[in-house]
Amino acid sequence: MVVRIPRLSLRFPSLLDRYIAGAWVANVALVLLAFVSIYFLGEFMDLIDDIQQHKVPGKVIAHYYAFHIWHIGFTVAPIAVLVGVLVTLGLLARRNEITAMKAGGISVYRAAGPVLGMGLLSSLLLYGMQEWILPVTNKAAAADRNVIKGRPAQSSDQFDRRWVLASDDRFYNFDYIIEDKPPARGVAEPT
């Protein structure tokens, strides 16, 4: 008597999954590049007057955008992922590949699995960026933006209260200025 034990074979990711995921990655990368470029150009056109007025060196501008590009990518990534999904599925339908998948016995839900999986992976990537990369890069970019805008250096303490050294050698706290609290508590005399 022969007992056959069926093999457990996971066919994920299959060739079709890799094809759809690869098409999604290419489309999202293209859309993300386009959105980041538009955001970059719009913001640079806004800053060009301040750059010329304050005679900011090119090294500071390059340093600013090297750190600020992470925030730009984080801001436009959700929209790029959605547009990438629409473009990917639209191109598959336009080239009748969805019809071929359905004729081959693959459901539309199964064909959408790689796109959903890549969307989940991109949301986890954005979460990791938000927690570990963006706090460091945003702080460096904010310091360079203050130089570009011609503002005095700003610092923050452990409670994120922002203090500014004014031109009259006084420290001002934004919390007291904004909330109209008595200026005697918001202004520290120089020592």
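Tyr64 is buried, with a relative accessible area of 1%. This comes from a predicted model. Tyr65 is buried too, at a relative accessible area of 8%. Both count as buried because the cut-off is under 20% relative accessible area.

Tyr64 and Tyr65 form an aromatic pair with 4.9 Å between ring centres and 70° between the planes. The geometry is edge-to-face, because planes over 60 degrees apart fall in that class. A search of the whole structure gives four aromatic pairs. Ring pairs also bring in phenylalanines: Phe40, Phe44, Tyr64 and Tyr65 are linked into a cluster.

Now the surface. Ile69, Trp70, Tyr127, Trp132 and Ile133 make a nonpolar patch of about 540 Å². Two helices each supply at least two of the patch residues: helix 2, spanning 58–94, and helix 5, spanning 113–149. Helix 5 gives the most, with three residues.

Trp132 is one of the patch residues and lies in helix 5. Its relative accessibility is 64%. Trp132 therefore counts as exposed, since the cut-off for that class is over 50%.

The accessibility values side by side:

| Residue | Relative accessible area | Class |
|---|---|---|
| Tyr64 | 1% | buried |
| Tyr65 | 8% | buried |
| Trp132 | 64% | exposed |

Key. Residues are numbered from 1 along each chain as its sequence is written. This is a predicted model: local features need pLDDT of at least 70, side-chain atom pairs count only at pLDDT 80 or more; totals for chains, interfaces and linings use all residues. Side-chain values use heavy atoms; hydrogens and water are left out. Rings of Phe, Tyr and Trp (its six-membered ring) pair if their centres lie within 6.5 Å; planes under 30 degrees apart count as stacked, over 60 as edge-to-face and the rest as tilted. Buried means under 20% relative accessible area, exposed over 50%, partly exposed in between (1.4 Å probe, protein chains only). Patches are made of residues with over 30% relative accessible area and no salt bridge: like charges are joined within 9 Å, nonpolar side chains (Val, Leu, Ile, Met, Phe, Trp, Tyr) within 5 Å. Accessible areas come from the Shrake-Rupley method with a 1.4 Å probe; for residues, only the protein chains shown count as cover. A salt bridge is a side-chain nitrogen of Lys or Arg within 4 Å of a carboxyl oxygen of Asp or Glu. Helices (H or I, at least four residues) and strands (E, at least two) are DSSP runs, numbered from the N terminus.
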